[in-house]
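My plan is to go through it piece by piece and jot down what I look up.

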Amino acid sequence: MSQSSTITPNEKSDIRKEVAQHVSNWKGEEGNLIMILHAIQNQHGYVPREVAMELSREVGVTLGRIYEVLTFYHYFKLVPPGKHNISVCLGTACYLKGAPALINEVKSQLKVEEGGTTEDHEFHLDVVRCIGCCGMAPAMTVDGRTCGKVKPEDISKIIAETKSA
Amino acid sequence: MIKAKINNIDIEVPEGTTILDAARKVQVKIPTLCKHKDLLPTAACGLCIVKLKNSPKLPRACATPIENGMEITTHDSELFEVRKSVLELILSNHPNECVTCGRNGTCELQDLAADFSIREDKIKRFVRDIPIDNSNGSIVIDFRKCVKCGRCIEVCQDIQNVWALSFLERGINTRMAPAGDISLKDSPCVKCGQCSAHCPTGAIIENDETETVWKALRDENKYCTVQIAPSVRVALGEAFGYPPGTNLTKKIYTAMRRLGFKAVFDTNFSADLTIMEEASEFVERFAHGKGALPLITSCCPAWTDFMEKMHPDFIDNFSSAKSPQQMLGVMAKTYFAEKMKIDPAKIYQVSIMPCTAKKYELERTDEMHASGFMDVDVALTTRELARMIKQSGVDFNELPDGEPDSILGEYTGAGTIFGATGGVMEAAIRTAYNFVTGKNMPAFNVEAVRGMKGVKEAELEVAGHKIRVAVAHGLANVEHVLNKVREAKKAGKELPYHFIEVMACPGGCIGGGGQPYGTDDDLRMKRAKGLYNEDGEMKIRCSHDNPEIKRIYADFLGKPLSGKAHDLLHTHYKARPIYQR
């Protein structure tokens, strides 16, 4: 369940304007729902519920359908991302070279679930499919920087470096 | 036509027929958990696999059209083993809670497990722990019991156009959830219950209130009364082995008294009352220009909820007349109480409805307390009543006939046909005709509004006036009708209709979300036939000719649309948000 939140009339009007802008950018194009959702996520880092509801109203697509799309694609986020993004690769090569242990290590050190954000909003953990660095397996990216041949005991150092960076 | 062989039996079927349907024609039943006759195939469950000669594949019979020359095997030892394995996989994600489940004894998965001689858990059971959603008072969802067949979602999205349910996520994580991952209460759900009627398992069931009713019946300080909706009488029998459509009105009266109800009323009576008010409203609007046209029927609470959420621009078009359930409730706690000298505070009114949304209607607005109390205290579905009768030890099939109470019990053919799509329209036309012309129609049957077609349109002639009507059932059919009105209004053209009937459920109340399981068009037609047969056989077929209706106006209400009638029998509608948050 996503969290409940109340928004002010001013925020509501901002959301209206924002959504109307995104919609007009993609008006009449086939498959524009996904493009609009991309634009919304680029702006907020995730797709806030209020914005999805406004989009539903503006384009006449049910919220049910919008959430079907949002939850089908791993790319879309429904919760605010952390300040730092950790993506552990679980492509075949990384999987075989020990990615599951890396994921467990990150989860336990940061107390975060896959696809979740830490309570202090510092870190977000994603498990992604092949990032194209099979030669460096097991690999992960931290804020876009790729780390290869990672061992579970490297994780605490990577986290500490990221925090202080 | 396509010629093929199923289990070496020659068949000839029209092009496009699926293997599953073709097999039925030669008395072969291929097991399936996801395919429902009302719905397009989703090919989700994998139980209906069959073998084709010269092909290594095992296509799904529900989604594979039969082709010329196909030689199909539907049953052999290998298919049995594969199907059994599929079933074991499904069961491994399903809680083993049959004895405490709302579908115990009526579950399609349980039946299959029995048929396939499942005797042990071969695969370690893993059930995701998701809390039950009982937030909306009508329908209860236990997500753990979902087999992801997609029936509820198809019916909610495609047949009803409500979009309260959807699949979220993908692959092994796929789950059915209220749209946008909120609680059902906050979703667009209109409580029609079609999801519960189509669910093969106990994942979606009605909110069972039988225990509440038993408590009231055992309470000596309560004077329990009951009303039975039109469509219940031709469906309840299915739970007791009667053929669908068998009219058991009089047996039900006896059963009600055996359960302990002190007075037995018939919702057919108050359907006649609804018609008196609604037909008067129509004549006011049509002949005297007082109020918006087209007039739209409002006795279906799932439809009114849908309209308030999705089509609030039609609020002025709604009939303000309350539904028969609510009219009977308020009459029981005012007129009946006064006449019988019973303290209305002691009256506990139970309604037996084909419907889950009727539970919601009880507190829809403050006007549902027009008697000064809750006009109806509890609404039970047909399915709940069947269970209560079984719990009571009453041998239903052997019961003698009984009679309803003499006030609020007598009804006409017009009241009875309320339970089928087009029935309210037909009943209203019979009475409106009389109100306009002072005479009864020469022939009462309005065939043009009967039947299972999703939208029925007709032009009826009444005393030189042409009355254009539309009847829609299944909420997805409503938009077409309303859009025609919107377009005409916008273009300043003549209205396409003067009077519109809408029932949320396909077939009307006989196909209601609270009716016995297994409803499909064949069953709907049989139940509807039961009602039309009764209407055809009745001496009095018009609401305004009902002697008790005449008496209640003479004694108590004055005339239709009087001040008192307005206070007790009418309500209002308001726009409501589609999503609560």
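Predicted model: local features only at pLDDT ≥ 70, side-chain atom pairs only at ≥ 80, totals over all residues.

Where is the place of B:Pro294 in chain B? I found B:Pro294 in the loop between α8 (267-288) and β11 (295-296) of chain B.

**Entry: cis peptide bonds**

Back to that loop. The peptide bond from B:Leu293 to B:Pro294 is cis, and I noted omega near -5°. I then turned to chain A, where a cis peptide bond joins A:Ala137 and A:Pro138, with omega about -5°. A:Pro138 sits in the loop between β2 (123-128) and β3 (140-142) of chain A.

**Entry: positive phi**

Next I checked phi in residues other than glycine. A:Asp143 has a positive value, near 50°. I located A:Asp143 in the loop between β3 and β4 (145-147) of chain A. Is A:Asp143 buried or partly exposed? With 42% relative accessibility, A:Asp143 counts as partly exposed.

Chain B gave me B:Lys148, which is not a glycine and has a positive phi of about 60°. B:Lys148 lies in the loop between β5 (139-141) and α4 of chain B. I put B:Lys148 down as partly exposed, because its relative accessibility is 35%.

**Entry: chain A as a whole**

I wanted an outline of chain A. I noted seven helices and four strands. Reading from the N terminus, I get the order α-α-α-α-β-α-α-β-β-β-α. The C-alpha trace of chain A spans about 50 × 35 × 25 Å along its principal axes. Of the 165 residues in chain A, 40% are buried. I also looked at contacts in chain A between residues at least 6 apart in sequence, and 58% of these join residues at least 24 apart.

**Entry: where chain A meets chain B**

How many residues of chain A are in contact with chain B? I wrote down 17 residues of chain A, in contact with 14 residues of chain B. The two chains bury about 1,400 Å² between them, and 58% of that is on carbon and sulfur atoms. I looked for salt bridges between chain A and chain B, and the count is zero. For polar contacts, the rule finds five residue pairs across this interface.

Which elements of chain A give two or more residues to the side that touches chain B? They are α3 (49-59) and α4 (63-72) of chain A. α4(A) gives the most to that side, with seven residues. By class, the residues on this side of chain A are six nonpolar, eight polar and three charged.

**Entry: the domains of chain B**

On to chain B by itself. Its domain assignment gives domain 1 (2-75), domain 2 (90-206) and domain 3 (219-569). I took domain 2 and domain 3 of chain B as my pair, and 30 Å separate their centres over C-alpha atoms. Their contact takes 24 residues from domain 2 and 25 residues from domain 3.

Domain 2 and domain 3 of chain B bury about 1,800 Å² between them, with 51% of it on carbon and sulfur atoms. I checked who supplies the area on the domain 2 side: B:Val190, B:Lys191 and B:Glu206 give 31% of it, more than any other three residues.

The rule finds three salt bridges across the interface of these two domains. I looked at one of them, B:Asp305 with B:Lys191, and the closest N and O atoms are 3.0 Å apart. I also noted 16 residue pairs in polar contact between domain 2 and domain 3 of chain B.

α4 (151-159), α5 (194-198) and β8 (204-206) of chain B each supply at least two residues of the domain 2 side. α5(B) gives the most to that side, with four residues. The side divides into nine nonpolar, 11 polar and four charged residues.

**Entry: one threonine**

Last, I picked out B:Thr254, which lies in helix α7 (residues 249-259) of chain B. Is B:Thr254 buried or exposed? B:Thr254 has a relative accessible area of 10%, so I noted it as buried. Leaving out residues up to four places away in sequence, B:Thr254 touches B:Leu399, B:Pro400, B:Asp401 and B:Gly402. The side chain of B:Thr254 reaches the backbone nitrogen of B:Gly402 at 3.0 Å.

How values were computed: Residues numbered from 1 in each chain as written. Chains lettered and ligands numbered in written order. Heavy atoms only, no water. Domains from an automatic or database assignment. Contact = heavy atoms within 4.5 Å. Buried area = accessible area lost by both parts, 1.4 Å probe. Salt bridge = Lys/Arg side-chain N within 4 Å of Asp/Glu carboxyl O. Polar contact = N/O pair within 3.5 Å; in protein donor to acceptor, adjacent residues only side chain to side chain. Nonpolar A, V, L, I, M, F, W, Y, C, P; charged D, E, K, R; others polar. Buried < 20%, exposed > 50% of the residue type's maximum accessible area, 1.4 Å probe, protein only.
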